[in-house]
Amino acid sequence: MNKLQLKGLIAIAAFATVLSSCRKDRVQPDPVDPIAPANGIYILNEGNFSRNNSSLTFFSISSQTTISDIFKTQNGRGLGDTGNDAKVYGSKMYIAVNVSSTIEVVDAKTAKAIKQIKLSNGGVDRQPRSIVFNKNKAFISSYDGTVAVLDTASLTVDKYITVGRNPEEMVISNGKLYVANSGGLDYANPDKTVSVIDLNTLTETKKIDITTTNPINIAADAYGDVYVLAYGTDYPSKPKLVIIDNKTDAVKASNDINAGYGTSFIVVGDDAYYITNSGKVSVYSVKTESIRKENFITDGTTFKAPYALAVDAATGQVYVTDAIDYSSNGRLYTFNSTGKNKDVNNKGYVTDTGINPGTIVLLTK
C-alpha cells in the first residue's frame, strides 16, 4: 500500500499550532555519517499500487542530467511493486519494495543490483516499509508486525523482532530503536504504540502508549527527544506531534500540528522540516519546541500534490517532490537555503521523476 492509498483512509484538516518554548541542553548525538554536500540524487518512485511499475530516477547535480529509470537501465528489469523506502549505508543502497516484499541491494554509485532479498514467512509476504542502520545491521520494518535484522556484510536476515501492528518509520536514539506502530491496515482499530528495541539484545523491551492512534513518522534530535507524528482516525483528522523523552521513554508532550498525512519529519541540527496539510514546508525548532517558519519557501512556488521531502545538511538546500496527479510522472524541486527555487535554464531547478516520487536519497561522493 503506497501513500496514496493510505491518504484515502484518513482525511486531514489543517490546524495551525504554536508549541510552548523551553530551554533544552544538547546531549551527545548518536554517530552519523560525516556531513558532505550531495552530488547526486536518487528518487524512488512508488508507481501505481499493484501496477508493478516502481522506478528509480537519478539526477546528477554536477552535470544537470537525469536518468529516468536507472535501475532498469542498469539491470534489465524493473524494481517491482510499490517502492516504499531507500537509504544508503556504506557503498550500498537498500530499497524496500513493499507489495513485492523485496529488499533490493544495489551499488550506491551505479545502481547495479547486488542482491534481491525476499521477505516472507512461510510463503506469506511480510511487506517491508522502512529501513534504518546501526553497526553493520539494517533494520527493516514490515507490515506483518516485525522488524527484520539484516547483516549488511552477508546480506542475510539474522532474526525477526516482533513489534506492534503495521510498523512504519523507525529512528535510533540513545542506543535504542524506536518503531512507530501504525495499525494503519485496520482502520477501525489502529495501533497507538511505539516499540522500543534494545540494540544490544535485539529484543523489544517495551511499547510506549502515545494515546493518539496511527503513528507513522518518527525522528529524533540531539537533545534527547523522539518525535512521532500520529494521525488518528477522526474525521476531520487532527494530527498530533508526540514528544518522547529517550531517557525515560515517557511521553513529554502531545500537541496538534498542521502536518500533511504521512509527511516526513526531518531533523537537521536545531530545525525539523515537514510538509503541512496546505502544501507548505514548515520549519519547527526542536530547541524551543515551537514553529520557527510557517513556510520555508519564499519565492511563491506551490505544488499540486507535495509528496516527499529531503534536506541537505551541508548546504541547507531543501528538496520537495510533487506527485501532481498520482498517475503521471512527478517532479523534483530544489530550493536553496533562503527558500528560493534555484534557477537553471531560466525555468527553475525542476527535475522530472517517475510516478509518485515518494523517497529522496541524497548521494555524496
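Colleague: In this predicted model, how do the side chains of Asp158 and Lys137 meet?

Modeller: Side chains of opposite charge can pair when their charged atoms come close. Here Asp158 and Lys137 form a salt bridge, with 2.5 Å from N to O. The two residues belong to distant parts of the chain, 21 residues apart: Asp158 sits in strand β13 (residues 156–162) and Lys137 in strand β11.

Colleague: Is Asp158 buried, partly exposed or exposed?

Modeller: Asp158 has a relative accessible area of 42%, so this residue is partly exposed.

Colleague: Which residues do salt bridges with shared partners join into one network?

Modeller: Lys137, Asp151 and Asp158 are joined in that way. By the rule used, the count of salt bridges comes to 16.

Colleague: Which residue meets Asp144 in a salt bridge?

Modeller: Arg126 does, at 2.6 Å from N to O. Asp144 lies in the loop between β11 (137–142) and β12 (146–151), while Arg126 lies in the loop between β9 (124–125) and β10 (128–134). Asp144 is partly exposed, because its relative accessibility is 33%. Arg126, at 7%, is buried.

Colleague: And where is Asp271, which pairs with Arg292?

Modeller: Asp271 is in strand β23, and Arg292 is in strand β25 (residues 290–293). Their salt bridge spans 2.8 Å from N to O. Asp271 is buried at 13% relative accessibility, whereas Arg292 is partly exposed at 44%.

Colleague: How many residues are in the largest nonpolar core?

Modeller: That core has 17 residues, and those with the most contacts inside it include Tyr227, Leu229 and Phe265. Strand β23 (271–275) is one of the elements giving two or more residues to this core. Another core, of 16 residues, lies apart from it and includes Ile70 and Val106.

Note on methods. Residues are numbered from 1 along each chain as its sequence is written. This is a predicted model: local features need pLDDT of at least 70, side-chain atom pairs count only at pLDDT 80 or more; totals for chains, interfaces and linings use all residues. Side-chain values use heavy atoms; hydrogens and water are left out. A nonpolar core is a set of buried Ala, Val, Leu, Ile, Met, Phe, Trp, Tyr and Cys residues joined through side-chain atoms within 4.5 Å. Buried means under 20% relative accessible area, exposed over 50%, partly exposed in between (1.4 Å probe, protein chains only). Helices (H or I, at least four residues) and strands (E, at least two) are DSSP runs, numbered from the N terminus. A salt bridge is a side-chain nitrogen of Lys or Arg within 4 Å of a carboxyl oxygen of Asp or Glu.
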